[in-house]
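Please consult the sequence and the model while reading.

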Amino acid sequence: MSGVVYPPESVYNLIPTEEVHTQTSQRYMSKYRPTVVLEKKLTKDAMKTMGPAKVEVPSPERFLKKHSKEPKLPQKTLCSKDVRHTCTVKKAAVPLKTDIPPMGIHTTRDFIRTATAVPMKPRPTCVDTRNGHKQLLENSGLVPKYIKKKQYGEVPEYLQQRNDKERREQEELHDLLTEQRQQGAMKHLTEEERRATLEGLKKSWDKLHHQYQSLSFVTDNLSKKAHRDQLELQLQQLESDINLFERFKTIYIQ
């Protein structure tokens, strides 16, 4: 069965219809179009279009021949193998055994000093890269030359000045605190008083901690919540005081 659906037939389709011709306006064409096209062709660079540049085609008479692209050896010159050992200037003849050698020739060179002189040793170097870069061993940091200095192991001068300045500031602070204690009539707690105060704080902490442990698990109203918060604040204050008395042995009070 074909899947094409045709429109339903009607007698009105037999009535001839008049064709309606629509008139369209003429397309706009700029009067500068030829000038623009010419300028575009003139300013176009080479090899910017499809395909290679237009070059001269080789002539059929100059076709590729055999061995035409192989490298050619230079022609033989006077330095060739046949004339290599020729010599235009003759060397001096070997002296005969009857000839007298020249006498009375003196020189200022000291042969004894030259023979006994110690050759200069090369400066030691070290190679620090795989590409062969080398530098003097003395400047490479591998030679312990700094520990041989006279000032090695001594405190530098700027550190001594800094330590003196800190000591003076500490002494001034100690004098100021001593003066403030004298002006405020502060009392120094003895070791027995400090221990007694510490024991009293620990007993108070145990008592408050017992009360805190006795609270109900559920805080269903504001009063319970406020009582619990107050106990926590008191416990924190007692813990800070106990830590203070345990850390410092010298305590002053007003």
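Q: Which residue meets Glu191 in a salt bridge at 2.7 Å, N to O?
A: In this predicted model, local features need pLDDT of at least 70 and side-chain atom pairs count only at pLDDT 80 or more, whereas totals for chains, interfaces and linings use all residues. Residues are numbered from 1 along each chain as its sequence is written, and side-chain values use heavy atoms, with hydrogens and water left out. A salt bridge requires a side-chain nitrogen of Lys or Arg within 4 Å of a carboxyl oxygen of Asp or Glu. At 2.7 Å, N to O, the partner of Glu191 is Arg194.

Q: Is Arg194 buried or exposed?
A: Buried means under 20% relative accessible area, exposed over 50%, and partly exposed in between (1.4 Å probe, protein chains only). Glu191 is partly exposed at 31% relative accessibility. Because its relative accessibility is 5%, Arg194 counts as buried.

Q: How far apart are the closest N and O atoms of Asp164 and Arg167?
A: Asp164 and Arg167 are about one helical turn apart because three residues separate their positions in helix 3 (residues 157–183); helices are DSSP runs of H or I, at least four residues, numbered from the N terminus. Asp164 is partly exposed at 28% relative accessibility, and Arg167 is partly exposed at 46%. The two residues form a salt bridge, and the closest N and O atoms lie apart by 2.9 Å.

Q: What is the relative accessible area of Lys224?
A: The side chains of Lys224 and Asp220 meet in a salt bridge at 3.4 Å, N to O. Asp220 is exposed, with a relative accessible area of 58%. Lys224 is partly exposed, and its relative accessible area is 32%.

Conventions:
Helices (H or I, at least four residues) and strands (E, at least two) are DSSP runs, numbered from the N terminus.
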